[in-house]
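Here's a friendly walk through a protein chain. Have a look at the sequence and the 3D view before reading on.

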Amino acid sequence: MVESNDKNEKVPLPSVAIDGTRIRNIRETKKLTQLYVANVVGVTTDTISRWENNRYPSIKRDNAQKLADALEVPLEEVLRQESSEPEEEPQLPPPVSKGARIAVFAVVAAALAGLLLFFLLRQPPLPPSASRWVPRFAAPGEVFPVQIKVARQATAPFGFILREKLPAGARLVNSLPPASSTDTELKWLVPNGGTPVTLSFTLQVPAGFNPGKDAALKGEIVIHNIGSSNRTEAVGGNGSIHIGSYHWADSNGDGRIDDDEIMPAYYICEEMKGLGLDWKTIEAIWSGKGYRWDAKRGYTVMK
């Protein structure tokens, strides 16, 4: 408060609006602490903090001058800058008609549908639930292996029926797990579960099968998810075996079983032990210099 000429009447000290954000920026730029500024102005650091956080939008003019002196700037630098031009009222957009809203909605919906279709088409196709492995070659009348692996996960368990059509004239030698079989088809029923399943079986095409031709396998899996309808998928993987004067373990058909071929053959024979595969002949061919095959004598190992 300051006294007027009439000693009995007092008038309030003038106040000014300060800009707390600008004050803090000036202080930090000049690397001054709140404690230093508070000591110069004659207030507490808590007061300086409140000024900088705009807790007190206006203060006494003499305190504002002391604050400016402490910050080594003119008084105007710490005052809030008022806009001299009146703010214009925002112009509201004209109301949109119902027909225009429907048209905009239709355009947006079409764009979203197009984007969805684009990303769906870009996604790689899902791998088949069941995939078949067969050797590239087999000889007429000789036993060869086939495996079908069904991918299942604990997070998405399912049961299934697997049907596998045999090549014309082919005979089932054995299977694991046991299959229901006819002359033309094998079938397995596997209950609900969340672990992968491997179905192994051995086949034999007729001894009179025309060498140089291919034998074909074709199958489908019917997947049953509890609480939902069944779905049918084709079995993926390879389904063609070239029949000729080759051993099934000779994957490149060069008339011998080398080091790159013996290990895969070993693993197959171990997984399918008891299903009619002749491991001793495979090992003998690998130990020798190669083999020959003919319809009368079968495989002859070259020493």
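## Before we start

This is a predicted model: local features need pLDDT of at least 70, side-chain atom pairs count only at pLDDT 80 or more, and totals for chains, interfaces and linings use all residues. Residues are numbered from 1 along each chain as its sequence is written, and side-chain values use heavy atoms, with hydrogens and water left out.

## The overall picture

The protein chain holds seven helices and 19 strands. These are DSSP runs numbered from the N terminus, with helices being H or I of at least four residues and strands being E of at least two.

Of the chain's 303 residues, 33% count as buried. Buried means under 20% relative accessible area, exposed means over 50%, and partly exposed is in between, using a 1.4 Å probe and protein chains only. A contact here means heavy atoms within 4.5 Å. Take the contacts in the chain with a separation of 6 or more: 67% of them are between residues 24 or more positions apart.

## Two helix pairs

Two packed helices are described by the angle between their axes and the distance between the axes. The axes are lines fitted to C-alpha atoms, for helices over the stretch in contact, and the angles run from 0 to 180 degrees between N-to-C directions. Angles under 35 degrees count as roughly parallel, over 145 as roughly antiparallel, 65 to 115 as roughly perpendicular, and the rest as oblique.

Start with α6 (residues 259–271) and α7 (residues 279–287), which pack at an angle of about 170 degrees with axes 11 Å apart. That angle is why α6 and α7 are roughly antiparallel to each other. On the α6 side the contact uses Asp-259, Ile-262, Ala-265, Tyr-266 and Cys-269, while α7 brings Trp-279, Ile-282 and Trp-286. Sorted by class, this contact has seven nonpolar residues, no polar ones and one charged. For these classes, Ala, Val, Leu, Ile, Met, Phe, Trp, Tyr, Cys and Pro count as nonpolar, Asp, Glu, Lys and Arg as charged, and the others, Gly among them, as polar. Ser-287 also sits in α7, and this serine is exposed, with a relative accessible area of 57%. Ser-287 and Asp-259 are 28 residues apart in sequence and 9.9 Å apart in space, C-alpha to C-alpha.

Now for α2 (residues 34–41) and α3: their axes come within 8 Å and cross at roughly 105 degrees. That makes α2 roughly perpendicular to α3. Here Gln-34, Leu-35, Val-37, Ala-38 and Val-41 of α2 meet Thr-45, Ile-48, Ser-49, Trp-51 and Glu-52 of α3.

## The cores

A nonpolar core is a set of buried Ala, Val, Leu, Ile, Met, Phe, Trp, Tyr and Cys residues joined through side-chain atoms within 4.5 Å. Which residues have the most contacts inside the largest core? They are Phe-144, Val-150, Phe-160, Leu-162, Trp-248 and Ile-282, in a core of 45 residues. Strand β7 gives the largest share of this core, five residues. There's also a second, separate core of 20 residues, with Val-16, Ile-26, Val-37 and Leu-67 among its members.

Leaving aside residues up to four places away in sequence, Val-150 touches Ser-129, Ala-130, Phe-158, Phe-160, Pro-196, Val-197, Leu-199 and Ile-221.

## A buried glutamine

Gln-147 belongs to strand β7 (residues 143–150). Is Gln-147 buried or exposed? Gln-147 is buried, because its relative accessible area is 4%. Its side chain makes a polar contact with the side chain of Glu-271 at 2.8 Å. A polar contact is a pair of N or O atoms within 3.5 Å; within protein, one must be able to donate a hydrogen and the other to accept it, and residues adjacent in sequence count only if both atoms are side-chain atoms.

## Details in the loops

Leu-176 and Pro-177 are joined by a cis peptide bond, with omega about -5 degrees. Pro-177 is in the loop between β9 (171–176) and β10 (180–181).

Asn-54, in the loop between α3 (45–52) and β4 (58–60), has a phi near 60 degrees, a positive value in a residue other than glycine. Asn-54 is partly exposed, with a relative accessible area of 36%. Asn-54 and Asp-19 are 35 residues apart in sequence and 7.1 Å apart in space, C-alpha to C-alpha.
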